[in-house]
Amino acid sequence: MYDVLSVAGNDYAYVNIANLEGIDHLPFSLRILVENLVRNMDGRNITQEQVRDLLNWDPAADPNHEIQFTPSRVVMQDFTGVPCIVDLATMRDAVRNLGGDPAVINPQVQSDMIIDHSVQIDSYAVPDAVERNMEREYERNAERYQFLRWGQQAFENFRVVPPGTGIIHQVNIEYLAQVVMSKALDDGRTLAYLDSCVGTDSHTTTVNGLGVLGWGVGGIEAEAAMLGQPISMLVPRVVGFKLTGSIQEGVTATDVVLTITDMLRRHGVVGKFVEFFGEGIAQIPLANRATIGNMSPEFGSTCGLFPIDEITLDYLRLTGRSDEHVALVEAYAKANKLWHDPADPDYCEPQYSEYLELDLSTVVPSIAGPKRPQDRIELAASKRTFEQTLPEYLGDDTTLDPVAVSTDFRGDFEITNGAVAIASITSCTNTSNPSVMMAAGLIARNAVRKGLAPKQWVKTSLAPGSQVVADYLRRSGLQEDLDALGFNVVGFGCATCIGNSGPLLPEISRAINANDLAVTAVLSGNRNFEGRISPDVKMNYLASPPLVVAYALAGTMDFDFATQPLGKDRDGNDVFLANIWPTNEQVANMVDEFVDRDMYVDDYASVFQGDAHWNGLDVPQGELFDWDENSTYVRRQIFFDGMTHEPQPVQDIEGARVLALLGDSVTTDHISPAGAFKATSPAGKYLTDRGVAVKDFNSYGSRRGNHEVMMRGTFGNIRLRNMLFDSVGEDMIHGGFTYDFLRMEPSTIFEASQNYQAHDVPLVVLAGKEYGTGSSRDWAAKGTMMLGVQAVIAESFERIHRSNLIGMGVLPLQFPEGESAESLGLHGTELYSITGITALNDGETPATVHVSATHQDGSRTEFEAVVRIDTPGEAEYYRNGGILQYVLRNLMRRR
């Protein structure tokens with residue numbers, strides 16, 4: 001089965017795919033899948049037929065061949081990772097209760113968790129902000145971290161990168177990713193094989209910039225992958241994206257990625273692979289490739305791959321990988337036709353399903369917002385566009401005149417609509433890229449020298465993605481300039497982009513809410529969905545790190561950088577953005593001078609060690625976790641309660657009520673928010689009833705180890721608009737509210753669901769296009785299931801959320817092509833029956849099921865809904881009540 005690859009005096013066994021018929025025409029991303037299939041072929045899950053079908057891939061065909069992808073690694077961040085480990089610990093209990101050996105539940109592949117999502121920006125613009133925020137992080141999260149330390153000792157192949165180290169995706173590309181991995185075989189040989197990974201964060205695609213195939217999955221799928229379950233998928237269409245030219249002066253990698261995001265969203269790449277090709281990509285630095293790959297979820301694609309080439313090798317050397325390892329990567333890629341070099345006479349350009357092209361010289365400075373990352377705005381048009389958009393965010397009670405605010409921390413000032421309340425350099429999108437980080441530092445330096453400062457109402461912050469970023473900013477002296485503008489380091493983690501922006505000054509918050517002001521946030525992140533960044537901020541914009549600094553100086557989105565000065569210098573002269581913007585050459589020189597290999601080697605030498613806080617935690621021991629019934633952070637899951645050795649037959653749905661009637665682009669943030677919540681919410685009441693003070697609520701994200709909090713927070717986003725209220729003639733109540741048709745009155749979604757379940761009334765959700773966009777949030781599916789929702793009927797689904805719904809036993813259905821709830825005359829007031837589901841019990845996955853909606857006057861609307869169970873593997877998951885139940889039963893059978 002294996003050939004031999006000799007590298008620097010060492011012999012490696014490897015799967016040779018170079019001579020397989022059909023390999024030459026395949027995109028590099030599909031060649032990676034070929035190697036994965038051949039290496040893991042077992043004749044049962046993975047067959048020769050799957051390999052043959054993949055080699056015969058037709059670029060023009062729609063996906064119709066199922067394969068089983070086996071990732072080499074799993075990466076997790078703590079918001080999504082903690083519930084993964086809670087589920088694994090619960091599965092051990094379930095196995096014991098079914099008379100099995102709990103040790104059967106154990107990761108089969110290397111699984112790494114990077115704790116990066118729990119730091120909140122409580123302190124900012126002060127020298128010791130990072131230390132203060134770390135103290136609060138441990139105060140809030142010690143119980144979660146103790147649980148993870150238990151997991152470290154209880155599970156094999158599970159490692160934890162402690163808090164304060166960096167962002168998951170930056171740690172992944174700078175340290176964890178190998179491109180080519182190796183392991184010992186039973187016969188004493190060493191196997192070389194391709195690195196691949198899935199992650200419990202949608203931006204796992206950052207690693208695509210290294211030539212590593214990987215993408216985000218929900219925690220549910222990740223747990224199955226950890227336990228050795230291949231991921232069922234259809235061989236996708238692959239979009240070839242050709243990059244040519246060079247970026248112009250004043251344009252950043254962020255501008256490029258926002259342009260690509262805009263192009264690919266318009267083209268339509270949901271469920272497809274995107275692969276960058278052509279001679280031009282040799283001019284794209286690895287950090288820029290990672291920035292582009294990072295935004296694949298914003299494109300809508302599964303991945304955004306750059307093939308392995310000399311740029312890949314240079315980055316591996318820079319980030320501290322050994323010369324021997326770099327040599328292995330090069331030799332392996334060349335031996336298996338995975339090396340990208342269009343100048344090679346033997347190079348054969350792959351075939352693609354669809355083609356796009358971007359001349360980088362046409363890219364202009366851009367931002368995106370105010371609520372979707374694909375809504376790109378050219379910087380030159382930003383003021384005009386903001387003025388056109390602002391009226392949508394002004395309410396009847398909005399004060400139009402400036403509002404006076406008096407604070408101890410920032411003095412007295414006035415704020416008005418459009419004010420920049422938050423300016424944050426944060427997120428894996430950009431902090432992994434030294435060019436944009438250095439550019440931000442140089443803008444700060446030039447601004448300080450001119451005597452400029454951010455406006456008093458702006459909450460400024462800098463959350464580097466790794467210790468290396470802090471090192472080169474400090475070594476270059478640029479951190480001093482950033483500090484002078486209030487961009488002090490606040491922590492090493494996701495921070496603002498995940499909703500951990502922390503509170504605004506109380507006086508500012510009160511002024512905003514008392515006057516219903518539409519203020520803004522500007523961040524260098526990848527997510528700007530409604531209600532995500534801060535409950536006080538209505539409009540969120542994505543921008544490059546240097547533009548984040550610029551907007552902090554401007555203090556408002558209602559600003560034209562070309563014609564309006566940022567302020568005056570010490571001589572009274574107007575200072576425009578052009579006067580302080582560094583040249584591309586200046587930025588490149590700073591990167592060349594101050595970013596070096598030694599930084600990476602030194603900073604990652606102790607990546608798993610942790611600080612005194614981490615090492616001082618009291619760590620539980622044992623194979624099974626000793627659950628504390630009084631815990632409000634970590635509780636045993638209920639998914640496996642009453643589970644039997646064999647699954648029960650699936651049933652048709654009769655007499656269902658609509659829990660929520662939703663529109664287009666409902667994100668997983670709308671379904672399962674990650675940020676703060678109020679004491680008056682169902683989740684807040686649950687905690688206050690258990691003696692938790694409001695100041696200790698933490699966030700939904702940090703509470704994901706407690707299903708009681710999370711199901712109460714499902715559909716709890718403050719910006720959610722449930723159109724059931726329009727249907728029944730009630731005033732709209734934004735947030736987690738619905739109309740309870742049993743009590744005939746408005747109710748919280750949680751309380752209504754409890755009432756429906758108490759009366760054995762099944763529930764459905766009706767939605768529009770792109771349902772479940774955004775983060776790969778397993779709790780968006782878990783919470784949906786726990787509320788009693790048995791089916792979601794939408795116009796279209798985002799890939800990960802559709803998969804997650806099936807993974808939790810919730811049926812994803814699509815309206816007939818061209819139809820919607822509105823076109824069919826559905827208002828959500830009807831009683832729903834869905835028949836034909838039982839065909840799954842006979843091993844058949846129906847293409848459609850019959851939906852009958854009985855209106856209040858007794859009339860009916862009937863239609864055939866498309867069943868979005870796309871593969872036989874997904875059908876097995878649904879029949880078992882979920883993917884985890886399926887995996888658990890299979891593991892027990894093997895024993």
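Ser 476 is buried, with a relative accessibility of 8%; buried means under 20% relative accessible area, exposed over 50%, partly exposed in between (1.4 Å probe, protein chains only). The model is predicted: local features need pLDDT of at least 70, side-chain atom pairs count only at pLDDT 80 or more, and totals for chains, interfaces and linings use all residues. Residues are numbered from 1 along each chain as its sequence is written, and side-chain values use heavy atoms, with hydrogens and water left out.

**Around Ser 476**
- Ser 476 sits in helix H15 (residues 467-476). Helices (H or I, at least four residues) and strands (E, at least two) are DSSP runs, numbered from the N terminus.
- A polar atom of the Ser 476 side chain lies 2.8 Å from the backbone oxygen of Tyr 472.
- A polar atom of that side chain also lies 3.0 Å from the backbone oxygen of Leu 473.
- Leaving out residues up to four places away in sequence, Ser 476 touches Met 438, Arg 445, Met 590 and Phe 594. Contact means heavy atoms within 4.5 Å.

**The parallel sheet**
- An open sheet has 5 strands in the order E6-E5-E4-E9-E10, with parallel pairing. Two strands pair if DSSP finds at least two bridges between them.
- E6 and strand E10 (213-216) are the edge strands, each pairing on one side only.
- On average, neighbouring strands of this sheet are turned by 20° against each other, direction ignored. Axes are lines fitted to C-alpha atoms, for helices over the stretch in contact, and angles run from 0 to 180 degrees between N-to-C directions.

**Strand E5 and its partners**
- Strand E5 (residues 110-114) is mostly covered, with 4 of its 5 residues buried.
- Strand E4 (residues 73-77) runs parallel to E5, and 5 bridges join them.
- Arg 73 has Gln 110 in E5 as its bridge partner, and Gln 77 has Ile 114.
- Strand E6 (residues 158-161) is also parallel to E5, joined by 4 bridges. Ser 111 stands opposite Phe 158 in E6.

**Helices beside the sheet**
- Helix H3 (residues 78-97) forms a right-handed β-α-β unit with E4 and E5. Right-handed means that, with the strands pointing away from the viewer, the path from the first strand over the helix to the second runs clockwise.

**Domains**
- The protein is divided into domain 1 (2-55), domain 2 (69-362), domain 3 (366-605), domain 4 (653-668 + 762-894) and domain 5 (673-713). These bounds come from an automatic or database domain assignment.
- The centres of domain 1 and domain 4, taken over C-alpha atoms, are 36 Å apart.

Conventions:
Polar contact = N/O pair within 3.5 Å; in protein donor to acceptor, adjacent residues only side chain to side chain.
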